[in-house]
Amino acid sequence: MNNWKHGRHVLLCITGGIAAYKIPALVRLIKKADCEVEIILTKSACNFVTPMTLATLSGKKIWTDDDFDHTIPHIKLTQWADLLVVAPCTANTLGKIANGIADNLLTSAVIAASCPVLIFPAMNENMYENPATQENLSVLSERGLHVVEPSEGDLACGVAGKGRMPEPEEIMQEIFRAFCVHDMTGKNVLVTAGPTREYIDPVRYISNPSTGKMGVAMARAAWYRGAEVKVVAGPVDVEPYSFELIHVESALEMLEAVKANFSWADYIVKAAAVGDYRAKEFHANKIKRGDKDSITLELIQNPDIAAEVGKLKRDGQVLIGFAAETENLLDNAQEKLVRKNLDYILANDVSAKNAGFGVDTNTLKLIHKSKPVKTFTGLKIDIAFEVWSDVLQD
């Protein structure tokens with residue numbers, strides 16, 4: 001079983017900023033990810049989120065300055081933690097940490113930590129841009145703490161600007177990345193995901209049930225492991241968070257986007273369910289029902305994006321394809337591996353239960369020209385980790 005996140009220990013440290021109201025939702029996400037969480041609150045943070053709320057959600061005692069005594073909780077907690085997260089981190093606490101001031105349980109824990117530390121500064125834009133704050137941020141980054149830039153948007157002070165703490169879902173992405181060994185640092189990964197839509201007229205199109213989940217899982221797993229990632233996606237409902245998302249609709253648009261980013265990529269993952277055909281003629285106006293019992297629609301082939309990329313592949317580039325099949329799974333996939341000049345292909349029986357389109361689980365067979373076939377079953381994100389681990393062995 002892949003154990004990249006299951007059972008990991010998160011020490012969550014909360015300071016007295018209005019963004020603390022988001023923390024109960026974050027605690028829920030940490031628990032949902034099968035991680036354990038311990039929580040430290042500053043005295044000011046208790047004015048924004050109560051210890052009782054957090055104790056109920058975490059199932060644990062909440063640590064405050066009242067616990068800062070001979071039991072040395074800041075040492076025990078940091079020895080237990082795989083990751084320490086400060087969210088939100090006010091300008092005041094930021095300055096204390098940068099200058100080695102340990103005058104409460106939270107700052108003492110950060111200074112005592114030997115595990116990775118994630119800092120999420122959240123404050124008014126002017127406070128964030130102040131030279132003193134920027135200098136403190138630089139100091140922390142130089143010391144190896146990972147500072148996540150705040151988002152832009154409406155702030156509690158009534159103005160819009162940079163200073164918002166990211167949403168809990170975004171914070172979880174950073175937590176997952178911090179759990180992982182960054183064995184893909186310096187690598188660029190281009191992923192295609194989701195369906196394409198081939199329009200017949202302004203209101204009708206040919207498509208398929210793909211939701212892009214497998215492609216997004218491949219993208220996220222690569223980003224967690226340190227890669228820079230771009231995703232060329234058809235119409236899918238996905239928040240990019242950590243990667244650049246390039247929206248397209250048709251197969252022709254996807255081909256152009258892939259070509260535009262082709263030279264940048266070290267790894268190209270063709271996980272999109274690209275339409276093989278499109279209407280020969282696009283009708284500018286909606287086709288009316290009329291009196292006819294039937295109409296004839298003539299289709300022409302779309303370009304084979306994976307095959308096009310296979311022709312252009314340079315030395316050192318790795319091309320990973322997918323084969324969505326309903327019969328003769330291995331034979332069809334192996335034929336595509338050779339014909340499209342792929343390095344790997346992942347064969348997917350989309351007719352199988354709990355596999356294929358629209359579900360969070362999958363069963364994939366990883367095929368290489370000179371390696372034994374491997375089968376991966378489970379959550380798509382866990383499968384993605386297994387696939388990258390195998391590919392990186394080359």
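Predicted model: local features only at pLDDT ≥ 70, side-chain atom pairs only at ≥ 80, totals over all residues.
Me: Let's start with helix α4: which of the residues of α4 are buried?

Reply: Ala-91, Thr-93, Leu-94, Gly-95, Lys-96, Ile-97 and Ala-98 are the buried ones. Buried means under 20% relative accessible area, exposed means over 50%, and partly exposed is in between (1.4 Å probe, protein chains only). Residues are numbered from 1 along each chain as its sequence is written, and side-chain values use heavy atoms, with hydrogens and water left out.

Me: Why is α4 described as largely enclosed?

Reply: Helix α4 spans residues 91–98, and seven of its eight residues are buried, so the rest of the structure largely encloses it. Its buried residues pack against β4, α5 (105–112), β5, α6 (125–129) and α7. Contact here means heavy atoms within 4.5 Å. Just after α4, Gly-100 has a positive phi of about 70°.

Me: You mentioned α7. Where is Thr-133, and what does Thr-133 touch?

Reply: Thr-133 is in helix α7, residues 131–142. Leaving out residues up to four places away in sequence, Thr-133 touches Ala-91, Leu-94, Met-123, Met-127 and Tyr-128. Thr-133 counts as buried, at 9% relative accessibility. A polar atom of its side chain also lies 2.8 Å from the backbone oxygen of Met-127.

Me: How many bridges join β4 to β5?

Reply: Four bridges join β4 (residues 83–89) to β5 (residues 117–121), and the two strands run parallel. As an example to find on screen, Val-85 has Leu-118 as its bridge partner in β5.

Me: What covers the faces of β9?

Reply: Residues on both sides are buried: Asn-188, Leu-190 and Thr-192 on one, Val-189, Val-191 and Ala-193 on the other. Strand β9 (residues 188–193) has six of six residues buried, so the rest of the structure largely encloses it. It pairs in the parallel sense with β12 (residues 228–233) over six bridges, and with β14 (residues 267–270) over four bridges. Look at Leu-190: it stands opposite Lys-230 in β12, and its bridge partner in β14 is Ile-268.

Me: What about aromatic rings: how many pairs are there?

Reply: A pair of aromatic rings is described by the distance of the centres and the angle of the planes. Rings of Phe, Tyr and Trp (its six-membered ring) pair if their centres lie within 6.5 Å; planes under 30 degrees apart count as stacked, over 60 as edge-to-face and the rest as tilted. There are five aromatic pairs in the structure. One of them is Phe-176 with Tyr-224, edge-to-face, at 5.7 Å centre to centre and 70° between the planes. Phe-176 is in helix α8 (residues 168–179) and Tyr-224 in helix α9 (residues 213–224), 48 residues apart.

Me: Which other residue pairs with Tyr-224, stacked this time?

Reply: Phe-385 does, at 6.2 Å centre to centre and 25° between the planes. Phe-385 lies in helix α13 (residues 380–391) and Tyr-224 in α9, so this pair ties together parts that are 161 residues apart in sequence. Both Tyr-224 and Phe-385 are buried. Ring pairs link Phe-176, Trp-223, Tyr-224 and Phe-385 into a cluster.

Me: Last one: how many disulfides are there?

Reply: A disulfide is a pair of cysteine sulfur atoms within 2.5 Å, and by this rule the count is zero. The closest cysteine sulfur to that of Cys-46 is in Cys-13, 13 Å away, too far for a bond. For Cys-89 the closest is also in Cys-13, at 9.6 Å, again too far. Cys-46 is partly exposed at 27% relative accessibility, whereas Cys-89 is buried at 0%.

Conventions
Polar contact = N/O pair within 3.5 Å; in protein donor to acceptor, adjacent residues only side chain to side chain. Pairing = 2+ DSSP bridges.
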